[in-house]
Amino acid sequence: MAPSRDSEIKSSALELIGNTPIVALDRLHPGPGRILAKCEFMNPGGSIKCRSALYMIQNARKNGDLKPGSPVVEVTSGNQGTGLAVVCSVLGHPLTLTMSKGNSVQRAIHMEALGAKCVRVPQVEGSYGKVTLADVEAAEKEGLRLVEETGAFLVNQFHNDANVSSHYDSTGPEIWRQTGGHVDAFVATVGTAGTFTGVSKFLREKNPEVVTYVVEPEGAEPIAGKTITKPCHLLQGSGYGAVPGLFKFEYMDGTMSVSDEEATHYKKLLGEKEGLYVGYTSGANVAAAVKLLNSGKLPKDAWVVTMLNDTGLKYTPVPEELTK
C-alpha cells in the first residue's frame, strides 16, 4: 500500500525532539580510535534539553501534577528553559523562567521568542558568561518565590526523575542503535546529571564493559572529590561546584577535567574542521574524548560517544548593554 501523502509531516514541534543524527569527527580526530558525537543542537530548542523538557512536562500532565493550561515555572541556565518554552508553547502552558544574568542573553531572547517570560536575576559572585553555584541559587530563590506567589507548577529539573528517564528511554537507545551496539566509552559534562545518568545506565545494561567518564571544568570538580578552586568557568549549564541529586556514582568509571582554553580550542576546531558551530560544553566533551583516546586507556580502535549539547548561536558576542 502506498504511504499516505502526509506520512512525513510532523504534527507539531514536539515530534522534532530526539532522533538526532550521530556524526563521526574524523577530520578533527583522525585517530587513535574514533569520536562519535550526537547532534543535540538539532533539537527545536537548539539543545539536548528539549528531551528532558518534553518528558518532565508530559509526566507532570500524566500524573495530574500539571493541569491543562496551568502555569509553569522553572529555574534555568537557558537550555532547559528553551526546551520548556518549546513544549509549553505547543501544549498551551504559560511559562515563566528565572535565569542568572550571567547566562548568555541570547538564551533569554530565544525563550521569550517562544512565548515564555524570562526573569534575569542579578549575579552574586560570577561575571557575564561565567555562572557560579551562588548565582544559580539566587535564580532558584526567585523561582521559588514566584511559585509561592502564583501557585505555578515547578518543573524542578535537578530533582525530577523524568529528566533521567528521558535519556534512558531515548538518547541511550538511539546511540546504541546508531552505532550498531559498538560503544566502547561514553563521556559527558554534567549539569543536572540527567544525560550522564540516563545514557550511562542504558549503555551499561546493554554492555557492562562500556566505560563512562564525567567531564568537569578544571577547578570545579566536585564529582572527582576535589576542592572547588575555580567556580567561574565558561561551561554554562554544567560544573556548578556541587554533586547533583540525580547523579549516580555507580554509573561512572572516572572523571576528566577540561580547562576553559581546551573547551574553547575544541569548540573552534569543531567549526573549522567539521562545520559544526556548537557551544562550550560541546567543546569540552570533545576535548575529553580526545584526551581519553590519546591516554592509552582504551583499545586503539575504540569508539567514544559524546554529546554536542547545544548550538553556538547561544554564545555569539552581543553589544555590552544587552548583558547588563
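The model is predicted, so local features need pLDDT of at least 70 and side-chain atom pairs count only at pLDDT 80 or more, while totals for chains, interfaces and linings use all residues. Residues are numbered from 1 along each chain as its sequence is written, and side-chain values use heavy atoms, with hydrogens and water left out.

User: Happy to start with the helices: what is the orientation of α1 and α2 to each other?

Analyst: Helices and strands here are DSSP runs numbered from the N terminus (H or I of at least four residues for helices, E of at least two for strands). Axes are lines fitted to C-alpha atoms, for helices over the stretch in contact, with angles from 0 to 180 degrees between N-to-C directions. Helix α1 (residues 49-62) and helix α2 (residues 79-91) have axes 8 Å apart at an angle of about 50°. Angles under 35 degrees count as roughly parallel, over 145 as roughly antiparallel, 65 to 115 as roughly perpendicular and the rest as oblique, so α1 and α2 are oblique.

User: Which hand does the crossing of α1 and α2 have?

Analyst: A crossing is left-handed if the near helix is turned anticlockwise from the far one by less than a right angle, and right-handed if clockwise. By that rule, the crossing of α1 and α2 is right-handed.

User: How do the residues of the contact of α1 with α2 divide by class, and which are they?

Analyst: Contact means heavy atoms within 4.5 Å. On the α1 side the residues include Leu54, Met56 and Ile57, and they meet α2 residues including Leu84, Val87 and Leu91. Ala, Val, Leu, Ile, Met, Phe, Trp, Tyr, Cys and Pro count as nonpolar, Asp, Glu, Lys and Arg as charged, and the others, Gly among them, as polar. The contact of α1 with α2 divides into nine nonpolar, four polar and two charged residues.

User: What is the orientation of α2 and α3?

Analyst: The axes of α2 and helix α3 (residues 105-113) come within 9 Å and cross at roughly 10°. That angle makes α2 and α3 roughly parallel to each other. Asn79, Gly81, Thr82 and Ala85 of α2 make the contact with α3 residues Arg107, His110 and Met111. By class, the contact of α2 with α3 has two nonpolar, four polar and one charged.

User: And how many residues of each class has the contact of α5 with α6?

Analyst: The axes of α5 and α6 come within 7 Å and cross at roughly 50°, which makes α5 oblique to α6. This crossing of α5 and α6 is right-handed. Among the residues that meet are His167, Tyr168 and Trp176 in α5, and Val199, Phe202 and Leu203 in α6. The contact of α5 with α6 has eight nonpolar, eight polar and three charged residues.

User: Now the rings: why is the pair of phenylalanine 186 and phenylalanine 196 given its name, and what is that name?

Analyst: Rings of Phe, Tyr and Trp (its six-membered ring) pair if their centres lie within 6.5 Å; planes under 30 degrees apart count as stacked, over 60 as edge-to-face and the rest as tilted. The structure holds six aromatic pairs. In one of them, the centres of phenylalanine 186 and phenylalanine 196 are 6.2 Å apart with planes at 25°, so the pair is stacked.

User: How many residues apart in sequence are the parts that the pair ties together?

Analyst: Phenylalanine 186 sits in strand β7 (residues 185-189), and phenylalanine 196 in helix α6 (residues 194-206). The pair therefore ties together parts that are 10 residues apart in sequence.

User: Is phenylalanine 249 buried or partly exposed?

Analyst: Phenylalanine 249 forms an edge-to-face pair with phenylalanine 247, at 4.9 Å centre to centre and 90° between the planes. Buried means under 20% relative accessible area, exposed over 50% and partly exposed in between (1.4 Å probe, protein chains only). Phenylalanine 247 has 6% and is buried, whereas phenylalanine 249, with 43%, is partly exposed.

User: Last one: where is alanine 193, which has a positive phi?

Analyst: Most residues other than glycine have a negative phi. Alanine 193 has a positive phi of about 85° although it is not a glycine, and its relative accessible area of 2% makes it buried. Its place is in the loop between β7 and α6.
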